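Have a look at the sequence and the model, then read on.

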Amino acid sequence: MTAPPGRRIRVVMVEHPGDGGVPRHVADLAAALDPGEFEVVVACPPQSSAWRELQARPDISLVAMPGDRDPAVAHPRTLSRLRQLIASADVVHAHSTIAGSLVRGLARIQGRTDRCVFTPHAWSFWSGGRARARIFQVAERRCAPWTGAIIAVSDAEMRAGLDAGIGHVGSYHVVPNGIDLDRFAAPWAGEDGPVVHIGRLARQKRPDLLIEAFRRLHPAEPGCRLVLAGEGPLRGSIETTIRDAGLGTAISVLGERDDVPAILAGARCLVLASDYEGCPISAIEGLAAGTPVVATAVGGTPEVVTDGVTGLLVPPRDPDALAAAIGALWRDPVLGRSLGGAGREHARERFSRDRMAQGTMQVYRGIVRSATPR
């Protein structure tokens with residue numbers, strides 16, 4: 001039996017923060033679950049892209065959560081709301097570190113940890129120095145026993161968790177991110193387009209490194225243009241850096257956009273300069289659009305982008321290598337078309353939204369089968 005008799009499996013997804021790839025993942029996952037088998041509730045910030053996309057779905061319930069990237073989400077009213085949601089859920093799925101800590105801590109108090117699923121979306125201990133990493137590792141090890149299942153979005157994410165002593169191999173299920181491939185079906189037409197970065201302007205994504213790489217490339221390729229689509233805390237400093245480097249006519253900062261498929265269809269290549277990634281959605285979107293991808297070989301990125309086949313991989317924190325890879329695609333659109341075509345096929349085979357949903361539904365069914373009766 002995969003569902004309680006006479007009713008659907010009630011899944012509560014808790015998403016925090018409200019920006020970046022996490023809400024994109026949650027929106028795609030919630031929309032792809034079988035509505036005949038699953039009743040879906042999504043708790044997320046009202047400013048989240050997940051909220052904006054799902055509010056038109058009458059079959060998905062939305063519950064407002066704070067959107068701050070800090071402990072403000074631990075407000076008593078929020079905690080009370082989460083306790084009610086956990087009590088009502090057959091499965092509660094927490095996405096990212098803050099949501100994961102709050103949900104699993106409350107579930108422990110309520111005796112419902114076997115109902116909890118957690119997806120890190122890139123481990124918190126990847127984000128800082130050694131001392132900060134140790135603190136996050138201890139916290140994740142503490143929370144792991146309060147988790148019915150951990151869904152890693154890449155093999156690299158699972159291996160990093162196991163290496164850090166978080167859970168055990170039986171705790172993990174690897175389900176790569178998936179997207180709505182139909183949104184990216186337009187033919188690629190980026191031979192004369194700009195280089196594009198799509199993602200948060202935040203430390204993880206290293207837009208500063210990308211700007212430095214572009215500064216080094218630009219004298220040799222003065223016609224090269226760079227477009228940054230995304231919002232984030234580093235936008236002001238990035239715009240200042242661009243202006244001070246005299247690159248204001250060559251680099252554009254667009255802010256958050258809802259026309260990503262069109263931007264990618266007209267891009268010479270997509271670039272990710274990240275310090276760490278779980279399974280980068282923007283890289284998957286680039287593959288799906290037939291756009292060649294240049295990315296740093298970190299975390300789960302090499303599981304998305306195959307060097308020399310669907311894109312070019314470079315070492316992290318190396319602006320010269322990044323500049324060289326961008327320059328190679330800028331000078332050779334034939335290479336770009338070859339990589340992009342292979343990338344589109346790879347995306348169709350491995351990174352569909354339906355494939356992600358099927359893998360996740362299997363985890364949910366297992367949780368319901370093994371959990372203590374409500």
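Which residues do ring pairs link into a cluster? They are F118, W123 and F125. Rings of Phe, Tyr and Trp (its six-membered ring) pair if their centres lie within 6.5 Å; planes under 30 degrees apart are stacked, over 60 edge-to-face, and the rest tilted. The structure holds four aromatic pairs.

This is a predicted model, where local features need pLDDT of at least 70 and side-chain atom pairs count only at pLDDT 80 or more, while totals for chains, interfaces and linings use all residues. Residues are numbered from 1 along each chain as its sequence is written, and side-chain values use heavy atoms, leaving out hydrogens and water.

**F38 and Y364**
- F38 and Y364 pair edge-to-face, 6.0 Å centre to centre with 65° between the planes.
- F38 sits in strand β2 (residues 38-44) and Y364 in helix α14 (residues 353-370), so their pair ties together parts 326 residues apart in sequence. (Helices are DSSP runs of H or I, at least four residues, and strands runs of E, at least two, numbered from the N terminus.)
- F38 is buried at 2% relative accessibility, and Y364 is buried at 0%. (Buried means under 20% relative accessible area, exposed over 50%, and partly exposed in between, with a 1.4 Å probe and protein chains only.)

**W126 and Y276**
- W126 and Y276 also form an edge-to-face pair, at 6.4 Å centre to centre and 65° between the planes.
- W126 is partly exposed at 21% relative accessibility, whereas Y276 is buried at 14%.

**Charges over rings**
- The charged end of R104 sits over the ring of F118, 3.9 Å from its centre. (This requires NZ of Lys or CZ of Arg within 6 Å of the ring centre and within 35 degrees of the ring normal.)
- R268 lies over the face of W330, 4.0 Å from the ring centre.
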